[in-house]
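User: Can you walk me through this chain? I'd like the overall picture, then some details.

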Amino acid sequence: MDSPLRARRFDELPSADEFSSKIEPTNVPAVFCGAVKDWKAISKWNPRAGGLDYLEERVGSATLEAMLSRSGGIFYGDIKSHERVPIPFSMFITSCKNYLQDNIVTALCSEETNSDTVGELYVAQVPILNMERKERCPLETLRGDIQTPVFLGMRTLESINFWMNMGHSRSSTHYDPHHNLLCVVAGRKKAVLWPPSACPVLYPMPVYGEASNHSAVNIEKPDVSLHPRAEHYEEHSQKIILHPGDALFIPEGWFHQVDSDDLTIAVNFWWKSDLMSNMEEHMDAYYLRRILNRLVEKEMDRNKDCMRGLVVILIFWKNIDLLMKPQKVIMDLIPLSKERLQKEMGRVMECCSNWNPSHFMYCMNLYP
Ligand SMILES: O=C(O)CCC(=O)C(=O)O
């Protein structure tokens, strides 16, 4: 991982001005130690210190949508692997109490998720605040137990969400289209982070379709015959451990995989970045061409990979059906000389104006 992309640790909290001018615009993660340690939630929600009774009393009657995983405690993005099921929160709390009584101790953030002991139900991303759908906010009552950290200033939040798992669980590698502050209230989380530039090794799913923000690589056991570049995924990653009271800034577009110790509770804040807020739709085609141009120029300097990218783009362009079969396309790579490459790239760029931007996005999804 390049050092400018390493997460910075802050033992003292920045002011709202410092966050807006020096931290947020860098689009590099940051850890704020003890940022939310004074929340009432820290003392009241802890499942191992009476928190389950407290939550039951405050919000036990709420019906929530929980995620039910079909792959043990690992929560992938696609609907084949999990579904959202409505459950009374009191039922989930009762399961947590039984779990505590059974005194099952799971290893913190172990590298291998043990499917015998993991919980399959995850109360994930349940709104405490939801600006888009104000009526769908089953945990609004909990708002009084938390405060928006001062350094987020007067930002307009999209949502504040509640996360609580019973057994050790893993949220699979994905990115979000919002800036995020992930705050741990109880338990511990291990976040593995990759910058957006790690796309080539993480193979995000096609932009059209379900779970487009998720990596197609099975990080537990990458299949390098299917995803050859995934062999290098660790080189681009960094690991962060979060304790109760800590907060992690995950900038938009950063891939993250999150492991939660059993009985972990967290709250996250999502807000739209200035960059996205200021992107006018009529500029999209220009941005796309501009970015493509920059990527191409960079890749020109890296002869080998550039050939691969170009050939993928050309093959896609010639035969739209192949868009659905990226592996086949990658198998069909052919070498080109640098001169030929430059010429062909010029042709591709000339064609850009005839392309629907979404064709580009498709290619960009597979390469880089
Ligand atoms: O804590 C987790 O399991 C996932 C959190 C997450 O993906 C997020 O905050 O965007």
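Analyst: Among contacts in the chain with a separation of 6 or more, 78% are between residues 24 or more positions apart. Keep in mind that this is a predicted model: local features need pLDDT of at least 70, side-chain atom pairs count only at pLDDT 80 or more, and totals for chains, interfaces and linings use all residues. Residues are numbered from 1 along each chain as its sequence is written.

User: OK. How many helices and strands does the chain have?

Analyst: Eleven helices and 14 strands. Both are DSSP runs numbered from the N terminus, helices being H or I with at least four residues and strands E with at least two.

User: And what order do the nine strands of the open sheet take?

Analyst: The order is β1-β2-β12-β9-β14-β7-β6-β3-β5, with mixed pairing; two strands pair if DSSP finds at least two bridges between them. On average, neighbouring strands here are turned by 25 degrees against each other, direction ignored.

User: Which helix packs on that sheet?

Analyst: Helix α4 (residues 89-102) does, touching β3 (63-69), β5 and β6 (121-130). Its direction makes about 100 degrees with that of β5. For those angles, axes are lines fitted to C-alpha atoms, for helices over the stretch in contact, and values run from 0 to 180 degrees between N-to-C directions.

User: How do β2 and β12 run, parallel or antiparallel?

Analyst: Antiparallel, with three bridges joining β2 (residues 30-32) to β12 (residues 247-250). F32 stands opposite A247 in β12.

User: What about the open sheet of five strands?

Analyst: That one goes β4-β8-β13-β10-β11, again with mixed pairing. Its edge strands are β4 (74-75) and β11 (238-242). Two bridges join β4 to β8, and those two run parallel. I74 stands opposite R170 in β8.

User: Why is L193 called buried?

Analyst: Because L193 has 26 other C-beta atoms within 10 Å. L193 is in β10 (residues 189-194), and its contacts include A7, P29, I240 and W254.

User: What's in the largest nonpolar core?

Analyst: It has 67 residues, and those with the most contacts inside it are V123, F162, C183, V185 and L202. Such a core is a set of buried Ala, Val, Leu, Ile, Met, Phe, Trp, Tyr and Cys residues joined through C-beta atoms within 7 Å. V185 touches W39, W45 and I265, among others.

User: Switching to the ligand: which residues surround it?

Analyst: W163, S171, D176, N180, L182, K189, H256, V258, S260, A266 and N268, counting a residue as near if its C-beta atom, placed from the backbone, lies within 6 Å. The largest share of that shell, three residues, comes from β13.

Note on methods
Buried ≥ 20, exposed ≤ 12 C-beta atoms within 10 Å, placed from the backbone. Contact = placed C-beta atoms within 7 Å. Lists of a residue's contacts leave out its neighbours within four places in sequence.
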